[in-house]
Structures are given as structure tokens and as C-alpha cells.
Amino acid sequence: MADWEVIIGLEIHAELLTESKVFCGCNTEFGGEPNSQVCPVCMGLPGALPVLNRQAVELAIKAGLALNCTINGTSQFDRKHYFYPDLPKAYQISQNDRPLCSHGMVELSVGDRKRQIGIQRVHLEEEAGKSVHVGDSIISSEYSLLDYNRSGIALVEIVTEPDIRSAEEARLFLEKLKTLLEYTEVSDCKMEEGSLRCDANISLRPKGSSAYGVKTEIKNLNSFRAVQRALEFEADRQRRLLQAKEVVLPETRHWDEAKGMTFSMRSKAKAADYRYMPDPNLYPLQVDEAWIESIRQNLPELPDAKRDRFINDYDLPPYDADVLTTSRHLADYFEACVQEVDEPKLVSNWVMGEVLRWLKAHELEIESSPVAPKELGGLLKLIQEDVVSTIVAKDVLSEMFATGKSAVEIVDEKGWRQISDADSLEAIIDGVIAENPGPVADFQKGKTKAIGFLVGQVMKASKGQANPQKANEMLRQKLQK
Amino acid sequence: MELSLKEMEELALIARLYLTEEEKKILPQQISSILDMVHSLETVDTEDVEPTIYPITGSGVLREDEILPSLAVKDALANGPDIVDGYFRVPRIIEEEYES
Ligand SMILES: [Zn+2]
């Protein structure tokens with residue numbers, strides 16, 4: 001039986017973080033009253049003329065550079081025609097023949113292998129409006145309601161080469177892409193608000209073959225997890241068809257998240273014919289080398305470079321560096337905290353552990369953490385200075401999240417300072433020695449393990465506040481006399 | 001070469017043009033003769049000629065990323081024949097149906 005190779009290509013749409021739309025001055029802010037952010041240009045009223053937003057070009061170039069693309073000095077806008085109520089001009093301004101960026105590459109780590117995924121193109125285009133379906137679903141509703149606030153928002157479409165070889169690689173690619181677009185502040189990549197969307201093409205071919213098989217396109221992928229699950233399902237479906245000597249139809253399939261399956265979407269109309277033509281209202285876009293160079297110079301440190309720096313400068317294990325650089329905000333948080341507490345591995349453990357766990361439980365992002373890096377630093381200093389133990393520090397942090405108070409305030413209020421001073425410890429230790437003659441005798445006979453039990457008793461007597469190392473030292477001193 | 005009636009109907013459909021029976025008879029001939037005329041361009045040798053991507057030279061103007069006032073909602077909706085709660089209401093459109 002043949003062994004099959006999975007071939008996947010992705011098409012990603014990302015909304016650009018501009019203040020105004022791509023061809024008009026309407027506000028792009030999310031969540032406005034319906035049809036309150038529209039004008040003759042983005043509603044496609046006759047005679048209105050588009051004027052290209054410089055910042056949209058700049059952000060698209062930034063995306064191109066972050067994806068190692070060639071930035072084309074001359075690119076061109078085309079009209080892509082189709083009829084749908086969310087597209088008031090009955091064409092979308094896009095770039096077909098001459099995209100702004102092309103021939104890029106993204107490097108992925110898949111397990112311990114490095115994989116290079118080609119980027120065919122990154123081009124500029126405009127967003128469509130939003131249809132709200134009245135009734136339970138698109139099938140049962142009799143009407144659709146149209147809001148054009150999103151119409152004309154700047155988008156980049158990013159198209160990969162068919163270089164992805166598994167559903168897992170597809171998810172890893174998207175995670176990397178999202179990280180890059182967030183680092184460069186090109187897009188906020190919020191899949192739940194639709195500012196990042198993904199369609200996937202997938203086909204199978206016998207291992208060793210160089211010709212491509214028949215591909216299907218999968219739509220309605222609303223999360224990275226959905227992308228991976230849908231592609232796993234679809235690869236499996238195609239494999240079973242091919243092994244049974246049946247054919248895979250070239251078609252668009254819809255991912256049903258609840259059922260965990262893809263379904264064929266039978267188009268009533270003939271295959272799409274977009275009748276692309278150059279948009280006569282827009283000159284070709286000229287981008288000079290000086291502009292591209294200044295954008296390149298101002299690119300922030302990208303995740304791979306930051307990861308390497310974290311390993312070299314802070315002596316962090318690669319795993320820590322990977323986790324901390326998945327988001328620019330997380331990396332910034334870590335570095336701000338290291339400014340306070342010069343012990344990077346201690347900071348890394350707390351940020352990746354307690355802080356992320358708490359934020360996840362409360363569905364918060366690191367940039368809106370109630371505990372600022374300086375505050376976390378304050379807590380970690382208390383650990384370094386033996387004011388609190390690691391165990392007590394975890395309780396202090398959860399109080400900090402809950403109340404917004406500083407670590408010192410909480411420790412003082414709760415009386416959680418670790419008992420390290422000799423006098424207080426001595427009183428407790430003397431009590432423990434008096435009450436446990438058996439273990440004391442054992443220790444003195446050479447059963448060194450008995451010390452553990454005695455330290456435990458000291459901790460118990462001090463309600464966990466004794467410094468265990470100090471208690472251990474003092475116990476040994478007393479018993480060895 | 002003359003367009004077939006079927007090709008004519010498909011062209012009309014993708015352009016959302018509704019043709020009378022009369023027009024369906026005349027248009028294939030007329031479109032075919034236009035196409036023949038355009039095809040004569042294929043006889044020109046363009047081997048060393050840069051493709052024209054825009055008829056006039058020059059470069060476009062870019063605008064700064066500044067928010068400008070939008071239309072008032074009532075003006076934006078003024079031409080809509082069917083307005084509900086600030087939205088344009090249109091008959092539902094299902095371009096695609098899916099089946100397993
Ligand atoms: Zn507008």
C-alpha cells in the first residue's frame with residue numbers, strides 16, 4: 001500500500017493596525033454603531049475615488065520584511081469582481097499580477113528539525129463589510145443585515161508555497177506568523193474579532209512523487225486548533241479515498257467545529273471568475289529603496305533573534321527562551337522584571353509558572369497583568385533576601401493578583417515574614433527538642449535522617465514561617481554539642 | 001468564431017446582466033466581432049516590449065493615516081431602500097450550500 005505525503009498551503013488574511021481605512025479616512029476602530037464609520041469611498045458610491053493610506057503600505061512592507069520577502073519597487077492594484085452584499089462596489093481592490101511583496105520564507109522548528117516554509121506573496125487589499133444573519137443560522141434566516149464599518153479596512157493577504165507537510169506544521173507556522181505580525185505591530189491578530197483569518201489547501205501524493213494531487217480548500221477555520229484538527233481530518237479523508245482507489249474532488253469544504261468534520265460546499269454558481277483588471281483609479285504603487293531601508297532599520301528585534309539573545313545574555317535554557325519570546329509583551333515583561341531582580345532564571349521560572357498560570361485562569365493577557373513587572377520583582381527580592389520562602393511567596397503572589405497590593409505590604413499585613421532571626425528560632429527549636437527525645441536520640445546515634453523529621457516539627461510549630469535552612473543548621477549545631 | 005448561446009448566458013450570469021431573447025440573439029455576433037478585432041493585437045511582435053501596467057506615467061499620491069469625518073449614519077443610510085436598526089437589510093444570500 002502506498003505511503004502518502006501531505007501537501008498543505010495556507011492563505012492568511014490579517015487586518016493592518018492603521019487608524020484609518022486603506023483608501024479613505026474612515027475610522028477603523030472595532031465595535032462602532034452600525035454604518036457609523038462609512039463614507040462614499042468605502043460604500044462604493046458612484047464617483048468616489050480611492051487614495052492609498054501610506055501607513056497601510058508601510059505595515060505591509062514591514063510584514064514582507066519580517067517574512068523575508070522581496071519588496072517590489074512597483075506593484076499594482078487590481079479589481080477582483082464578485083457580487084455579494086458585503087462588497088458594495090461589486091469588486092474588491094486587491095493586488096493580483098504584481099503584489100507588493102513576494103518570495104519570502106519563514107523558518108520553523110518542528111521538534112528538533114528546522115523547516116523552511118516559502119512565502120509566495122504578501123499583498124495589500126481591502127476588507128469587506130459584515131453581514132449579520134437574522135434568525136438562528138444563515139440557512140433559516142430570511143434576511144441579512146449589512147454593516148459597512150469594516151468595509152475598506154486595510155488587509156494583507158499572505159500566501160504560502162505548498163511547503164507545509166503536516167497539520168501540526170500548519171499550526172506551528174500560524175503561531176510563528178502571528179508572533180511575527182504582533183512583534184512588528186502589523187496586526188493584532190485577534191482571530192475572535194476576525195482580524196486574522198486562515199484558509200487551507202490540502203492534497204496528498206504518493207511518497208516520492210513530484211506531481212501534486214487534487215487539492216481541496218478548507219474554510220471556516222476559526223482558531224489555530226481548528227486549523228490543525230480540520231487538516232488532520234481532511235488528510236485522513238483523502239487518504240481513505242485514495243487507498244480505496246476513489247477520487248478526491250477539487251472543491252471547497254467547510255469545517256464544522258462541533259462535528260469535527262469537513263463538508264463539501266456545493267456552489268450554485270459556476271466556478272468563480274473574478275475578471276481581474278488593473279484598477280484605473282489607482283496608479284501603480286512605487287516604493288523606493290530608501291523607504292524600504294528605513295522600515296528595515298526600524299524593525300524591532302524579531303522573535304528568533306530575541307530568543308538567541310535570551311539564551312546568550314541571560315543564560316536561559318532554550319525552552320524558557322522559546323516560551324518567553326512567543327509574545328513581545330511577555331518578553332518585555334520578563335526583561336523589565338530582570339531589571340529589578342538580577343537572577344534571570346528565578347524570574348523566568350516565576351513568569352512562565354505562577355504568572356502565566358494565573359493569567360490563563362483569568363483569561364488575561366500579560367500586557368494587562370494586575371501585577372506589574374516591578375511588583376513581581378519586589379516579591380522575588382523577598383525570596384532572595386530570605387524574607388519569605390518559595391512556598392509562602394506563591395500565596396503572596398495570589399494575594400497580589402487579588403488585591404493589587406505590593407508584596408511587602410501583604411507579607412507585613414499577614415505576618416508572613418519568615419523567621420530567620422536566631423532568637424525566635426532558638427525558642428521554637430528548644431521546644432521541639434524537648435518534645436521529641438526519641439528522634440533526638442536517633443540523630444545523636446548517627447541516624448542523620450532524623451534531622452528531617454525535626455525540621456518538619458520546627459516548620460509545624462512555626463506555622464510554616466521558620467526558615468528551613470536556618471532551622472536545619474541550628475538544630476545540627478545544638479544536637480552535635 | 002462565434003460565441004455559443006450557452007457561453008453567452010454564462011457571461012451574462014457572472015456579470016449579472018439580464019438579457020432579453022432578442023439580445024441573446026444579437027449579442028453573440030457583436031461580442032465575437034469585438035473579440036476578433038482585439039485578437040488582431042496578437043499579430044504584433046511584443047517580444048522586447050515591457051508590459052504596460054498603467055496608461056500614463058507618474059506615481060500615485062499617498063495620504064497620511066489620519067481619521068477623517070465619516071458620513072452621519074442617517075446620510076449613510078439615506079439611499080437604502082430597506083433599513084432596519086441602522087443596518088441595510090437585504091434578502092438572504094446563500095451562495096453556497098453544503099452537504100456531506
Ligand atoms: Zn470610508
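An open sheet is formed by 4 strands in the order β9(A)-β10(A)-β3(B)-β2(B), with antiparallel pairing. The edges are held by β9 (130-133) of chain A and β2 (83-84) of chain B; each has a single partner strand, so one side of each lacks a neighbour in the sheet. Strands are DSSP runs of E with at least two residues, numbered from the N terminus, and two of them pair if DSSP finds at least two bridges between them.

Between β9(A) and β10 (residues 143-147) of chain A there are 4 bridges, and these strands run antiparallel. A:V132 has A:L145 in β10(A) as its bridge partner.

## Basis of the model

The model is predicted: local features need pLDDT of at least 70, side-chain atom pairs count only at pLDDT 80 or more, and totals for chains, interfaces and linings use all residues. Residues are numbered from 1 along each chain as its sequence is written, chains are lettered from A and ligands numbered from 1 in the order in which they are written, and side-chain values use heavy atoms, leaving out hydrogens and water.

## Zinc site

The zinc ion has as protein donors (N, O and S atoms within 2.8 Å of the metal, or 3.2 Å for Na, K and Ca) the SG atoms of A:C24, A:C26, A:C39 and A:C42, at 2.3 to 2.4 Å. The spacing of the donor residues in sequence is C-x1-C-x12-C-x2-C. A:C24 and A:C39, 15 residues apart, both lie in the loop between β1 (4-15) and β2 (52-53) of chain A.

A:C24 counts as buried because its relative accessibility is 5%, and A:C39 counts as buried at 11%. Buried means under 20% relative accessible area, with a 1.4 Å probe and protein chains only.

Key
Buried < 20%, exposed > 50% of the residue type's maximum accessible area, 1.4 Å probe, protein only.
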